[in-house]
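Here is a short report on one protein model. Read it with the structure open beside you.

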Amino acid sequence: MDSAAKDEMQPELSPGPEWPEQERAEQLARGAALKWASGIFYRPEQLARLGQYRSREVQRTCSLEARLKSVVQSYLEGVQTGVWQLARAIEAVQGTREALSQARGLLQGMSQALRTLEPLRERVAQYKQLQALSHLLPRLRAVPAAVAHTQTLIDAQQFLEAYVSLRELEQLREDTWAPLGGLELPVFQGLDLLFEALGQALEAAAGAAGKLAREDPALLVAAVRVAEVETGRTTPLGQVPRDWRQRCLRALQEGLEQTHFGSPLLPAPGALPGWLEALRVALPVELATAEALVAPCCPPQYNVVQLWAHTLHSGLRRSLQHLLAGPELEAADAFALLHWALHVYLGQEMMGSLELGPEADVSQLEPLLTLENIEQLEATFVANVQASVSQWLQNALDGEVAEWGREQGPNTDPSGSYYSPMPAIVLQILEENIHVASLVSESLQQRVHGMALSELGTFLRSFSDALIRFSRDHLRGKAMAPHYVPYLLAALNHQSALSSSVSVLQLDGAPSGALAPVEAALDKLQRRICRLVLEALQAELQPLFADLPSRQWLSSPELLESVCERTGRFCQDFGRVRNPTVQLLLAEAERAVVLQYLRALMQGRLVCRGADERTQAAERLRHDAAQLQQLFLGLGLEENAQCAPVLLALRELLNLRDPALLGLEVAGLQQQFPDVRCGRGSRREEKPEGGENGADTPPWCPGSEDHVSALLGLRGDLSREQQLVALSSLQAALPPSPRASRRALFSLVPAPAPAPASCLPSGSCARALLLSE
């Protein structure tokens, strides 16, 4: 571009307003120059160089002005070039706009022409459709007949032929879609319904796979082949795939569950074991059928045996969960379900059969019963069994109690001992329930074992309470029992039988103290029965001991002979008690007689009048001791278990002629019988075992001085000072002998209150006072 053209294109630049910063910049420059000049020319000697500075600044100013002019000139030339290019661009845009306007006009004219050709295009499309239909018309005319024939084939379960016919009809429909632009002819509207009908027919065949495999395996094979072919076929674009394989598998599972678990009704109470037994027989047969007949009719990827096993397992599990969600099961049903689910189902009789392949393994699946289900069933079983056991034990006890008031005595076994089947029945009931529970699981066995021990303890308490009521009614005359003591002895045999056989309830591996509460209850029952028997014996003997000691007792043995006769008659049935209980009972009876004897001596009814009477009383004590020993030896009590030798020790107190030696005799008495050391006026703190008819121990334990004083008072020749000297020996006595008796005697005998302190001190006056009394 020449300079003339550029000049023509360059616009005239009018001087614009000055820059706002220009004036300020100039001021700053002037100020800086003044500052510099004042610094340079501050000293007079530098004024001579002013010319040099002026020329230098002039040169610098000229150089700066030249550079500024060059920059400004370059800027102005660039601006001029840009303005020229913008003018050329405006001209080009205007030309383009005019060309586009012309093209828009041409297009509008062409659209008008196209609208005039639209009817012709439609005619052409219709012609093409009519041309296509004219070629397909013979085949389209046969469609209704083909549809009806296909429906007939489906109804006749000819699945392969029906599927081929449907595929031909579907292919014909696809051939008409393209020429008709995706329009479906009315003649094909029922085709989808036919496909659905065929799919339902295949589902029905798969649902009855087990039956078809036995009766018509070809039909099952045809159904599976059609499902496989349709599933593997590529469907046209826009058509939903028909996954007939999954439909057949679902139908197969549903049919299998419907066959065995389809009933909505739960088994009636008591019918569950029969239902489980039917499943035990049916499920292995079903799996064997699947492995032998159904699996060969299906592709390997179906895993028929595994599918069969998992389907049966899932259906059974849902049925059991539904059953447990219903009403609470009875004990028999709960036991049957626990035993069947934990042992039978996975055992060799069912899913663990060696005849089944590894595909039928269901051990890795969810268990039929969850831990919560097992806990629920065990609790239900234990609660129901506990109620039944409690009722059975109560019935057994009621039957036993009903016999106590009859006119006939207790039954005996061949050995002559009193016998009743009640202990054997009680233990058999408990043992059988524990054994039955062990067939299910260890946890259930432990639960039933704990329940059995609890119920046995309750039974023993009820038995004890019944004995107390029986004794109370008899003693009060409300219901006199003709054979009161024999039935108490029979009850003692029952306790002995339970004690000797309760070990059958001990579980293997259980701690040794598991039966301790029951054994303690049995011991308590034994003591209570013995106490009732001894109370009856004391009631028999108490009138006889009212006259002992007395002048008649000194002169004649008839009084003790009556005691021995009545005691022997009372104890004659003790031989019907089994060992070792009979030894315990005889020992307690002998001690009761001796205690009655000691109580009578302590009452102070007799005081010897002289040495002859003391000798006579001592001889009577010796004779009585020998007579009692002979009586109980004859009854079978061992000599070392007898308490009668205490009378011989008392005999020495009476037979001693020198009163100065009484201290030694008193000390010897204390060594042989340590309980004579009990302190004066002390109260026994041990709680008696209660009962309606008395306690095991009396509420009062007299002081040893009271006992000894009462015994020394029998002599009738001792002053108060002599008694005190003899009693003082108790304070300095030696420890009891190792061979001393450990059975309580004196601690169970109440002594009379001691004489007042104002009693006459002299022995002769005391004897006179006692004789006057």
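Glu 565 and Arg 569 sit 4 residues apart in helix 19 (residues 558–570), about one turn of the helix. Helices here are DSSP runs of H or I with at least four residues, numbered from the N terminus. Glu 565 and Arg 569 form a salt bridge, and their closest N and O atoms are 3.8 Å apart. A salt bridge is a side-chain nitrogen of Lys or Arg within 4 Å of a carboxyl oxygen of Asp or Glu.

Glu 565 is exposed, with a relative accessible area of 53%. Arg 569 is partly exposed, at 43%. The cut-offs are these: buried is under 20% relative accessible area, exposed is over 50%, and partly exposed is in between (1.4 Å probe, protein chains only). Elsewhere, salt bridges that share partners join Glu 196, Glu 203 and Arg 247 into one network.

## About the model

This is a predicted model, in which local features need pLDDT of at least 70 and side-chain atom pairs count only at pLDDT 80 or more, while totals for chains, interfaces and linings use all residues. Residues are numbered from 1 along each chain as its sequence is written, and side-chain values use heavy atoms, with hydrogens and water left out.

## Other salt bridges

How many salt bridges does the structure hold? There are 21. One of them pairs Arg 447 with Glu 378, with the closest N and O atoms 3.6 Å apart. Arg 447 lies in helix 15 and Glu 378 in helix 13 (residues 371–403), so this pair ties together parts that are 69 residues apart in sequence. Is Glu 378 buried or exposed? It is buried, at 3% relative accessibility. Arg 447 is partly exposed, with a relative accessible area of 28%.

Asp 473 forms a salt bridge with Arg 472. Their closest N and O atoms are 3.8 Å apart. Asp 473 is partly exposed, at 23% relative accessibility.

## Two helix pairs

Two packed helices are described by the angle between their axes and the distance between the axes. Axes are lines fitted to C-alpha atoms, for helices over the stretch in contact, and angles run from 0 to 180 degrees between N-to-C directions.

Helix 15 (residues 442–475) packs with helix 17 (residues 516–545) at about 10°, and their axes are 10 Å apart. The two are therefore roughly parallel. Angles under 35 degrees count as roughly parallel, over 145 as roughly antiparallel, 65 to 115 as roughly perpendicular and the rest as oblique. The contact (heavy atoms within 4.5 Å) includes Leu 453, Leu 456 and Phe 463 of helix 15, and Val 518, Leu 522 and Arg 528 of helix 17.

Helix 21 (residues 611–635) and helix 22 (residues 645–655) pack at about 170°, with axes 8 Å apart. They are therefore roughly antiparallel. Among the residues that meet are Arg 614, Leu 621 and Leu 628 in helix 21, and Leu 647, Arg 651 and Leu 654 in helix 22.

## The loop between helices 21 and 22

Gln 642 is in the loop between helix 21 and helix 22. Gln 642 counts as buried, at 8% relative accessibility. Which residues does Gln 642 touch, not counting residues up to four places away in sequence? They are Glu 590, Gln 629, Phe 632, Leu 633 and Leu 637.
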